[in-house]
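Subject: Structure for you to look at, with notes

Dear colleague,

I am handing over the structure below, and my notes on it follow. Please read them with the coordinates open beside you.

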Amino acid sequence: MDRESIQQTIRERRTIRTLSDQEISIDIINELLESASYAPYHSKNEPWEVIIVKTLQDRQLFVEKIMESYDRLNSWARYDQQNQGSARKKTQDYFLNVPLTLIVTAPINESPKKNLEAIGAVSAFIQNFQLVAWSKQIGVTWRTIPVIFDEAFKQEIGVVADRQIIGLLSVNRIDEPIKLPTSYRKPVTHWSAHLSEKLKGMSESDEIS
Ligand SMILES: Cc1cc2nc3c(=O)[nH]c(=O)nc-3n(C[C@H](O)[C@H](O)[C@H](O)COP(=O)(O)O)c2cc1C
């Protein structure tokens with residue numbers, strides 16, 4: 001196993017929002033999904049389910065439902081009155097040009113533990129998908145736009161009531177040459193600490209307040 005190349009793929013993967021109209025075959029998508037499904041999970045059944053939006057008819061229906069949901073949620077109100085129409089059209093055009101979307105869901109569970117485990121496992125599934133896609137020159141944007149919390153939208157796109165959308169994945173081939181977005185991560189020392197340091201820091205801040 002080439003562990004170095006796994007590390008390189010993890011570090012190099014970027015969210016790709018630039019669209020291309022190159023076809024992605026369903027065979028490739030199925031291969032990527034199969035790889036993604038080797039994510040860890042902690043439930044009786046694998047928690048992920050995926051709805052594939054690929055044909056022109058499905059894409060048009062999907063975008064129609066997104067736009068209706070945005071309207072329902074009054075999402076355009078944050079724009080000035082005169083800009084609302086163009087903002088709506090821009091959003092609609094963008095989504096219509098996404099060649100393929102995956103609607104990835106997890107079961108909703110009343111137990112916080114089971115719910116966390118389902119969301120965690122499906123998030124690992126999504127990241128696996130992003131990484132294998134990247135290794136095949138396919139870009140992904142993991143989206144959690146407000147419509148995913150709209151019950152009417154969920155129902156209209158075939159997500160049953162006892163499941164939650166963890167991501168809408170916009171998927172498209174990466175055209176070469178492409179200027180990759182840069183991405184910065186804080187050094188490990190900014191967000192990690194030994195337990196004793198953490199507790200010391202907390203007791204010191206208690207003393208100050
Ligand atoms: C849970 C989650 C939700 C996200 N939702 C959105 C989204 O709604 N729209 C979007 O453009 N990007 C979304 N992203 C992508 C992030 O903005 C992106 O991962 C981040 O800017 C870091 O860039 P990188 O993926 O290139 O490292 C989401 C990412 C995650 C993990």
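This is a predicted model: local features need pLDDT of at least 70, side-chain atom pairs count only at pLDDT 80 or more; totals for chains, interfaces and linings use all residues.

Glu-23 sits in the loop that joins α1 (3-12) to α2. From Glu-23 to Thr-141 there are 118 residues in sequence, and the C-alpha to C-alpha distance between them is 17 Å. Thr-141 is also one of the residues that surround the ligand.

**The ligand shell**

Which residues surround the ligand? They are Arg-14, Thr-15 and Arg-17, then Thr-141, Trp-142, Arg-143, Thr-144 and Ile-145, and finally Pro-181 and Ser-183. Sorted by class, this shell holds 3 nonpolar, 4 polar and 3 charged residues.

**The chain as a whole**

The protein has 8 helices and 4 strands, and read from the N terminus its elements follow the order α-α-β-α-α-β-α-β-α-β-α-α. The C-alpha trace spans about 60 × 45 × 40 Å along its principal axes, and 22% of the 209 residues count as buried. When contacts between residues at least 6 apart in sequence are considered, 83% of them join residues at least 24 apart.

**Helix α2 against helix α5**

Helix α2 covers residues 26-36 and helix α5 covers residues 112-135; the two pack with their axes 8 Å apart, at an angle of about 130°. At that angle α2 is oblique to α5, since only angles over 145 degrees would count as roughly antiparallel. The crossing of this pair is right-handed. On the side of α2 the contact is made by Leu-32, Leu-33, Ser-35 and Ala-36, and on the side of α5 by Phe-125, Asn-128, Phe-129, Val-132 and Ala-133. By class, these residues divide into 7 nonpolar and 2 polar, with no charged residue among them.

Asp-27 is also part of helix α2. Is Asp-27 buried or exposed? It counts as exposed, because 8 C-beta neighbours are found inside 10 Å. Asp-27 and Lys-136 are 109 residues apart along the chain, and their C-alpha atoms are separated by 13 Å.

**Helix α3 against helix α4**

How do the axes of α3 and α4 cross? They come within 9 Å of each other and cross at roughly 150°, and the two helices are therefore roughly antiparallel, the cut-off for that description being an angle over 145 degrees. The crossing of α3 and α4 is right-handed. Arg-59, Val-63, Ile-66, Met-67 and Tyr-70 of α3 make the contact with Thr-91, Gln-92, Phe-95 and Leu-96 of α4. The contact of α3 with α4 has 6 nonpolar, 2 polar and 1 charged residues.

**Two residues with positive phi**

Most residues other than glycine have a negative phi, and two residues deserve a look against that background. Asn-74, which is not a glycine, has a positive phi near 60°. Asn-74 belongs to the loop between α3 (56-72) and α4 (84-97), and it counts as exposed because it has 8 C-beta neighbours inside 10 Å.

Gln-137, likewise not a glycine, has a positive phi of about 65°. Where is Gln-137 found? It lies in the loop that runs between α5 and β3 (138-143).

With regards,
A colleague

Conventions: Residues are numbered from 1 along each chain as its sequence is written. Axes are lines fitted to C-alpha atoms, for helices over the stretch in contact, and angles run from 0 to 180 degrees between N-to-C directions. Angles under 35 degrees count as roughly parallel, over 145 as roughly antiparallel, 65 to 115 as roughly perpendicular and the rest as oblique. A crossing is left-handed if the near helix is turned anticlockwise from the far one by less than a right angle, and right-handed if clockwise. Two residues are in contact if their C-beta atoms, placed from the backbone, lie within 7 Å. Ala, Val, Leu, Ile, Met, Phe, Trp, Tyr, Cys and Pro count as nonpolar, Asp, Glu, Lys and Arg as charged, and the others, Gly among them, as polar. A residue is buried if 20 or more other C-beta atoms lie within 10 Å of its own, exposed if 12 or fewer, and partly exposed in between; C-beta atoms are placed from the backbone. A residue is near a molecule or strand if its C-beta atom, placed from the backbone, lies within 6 Å of it.
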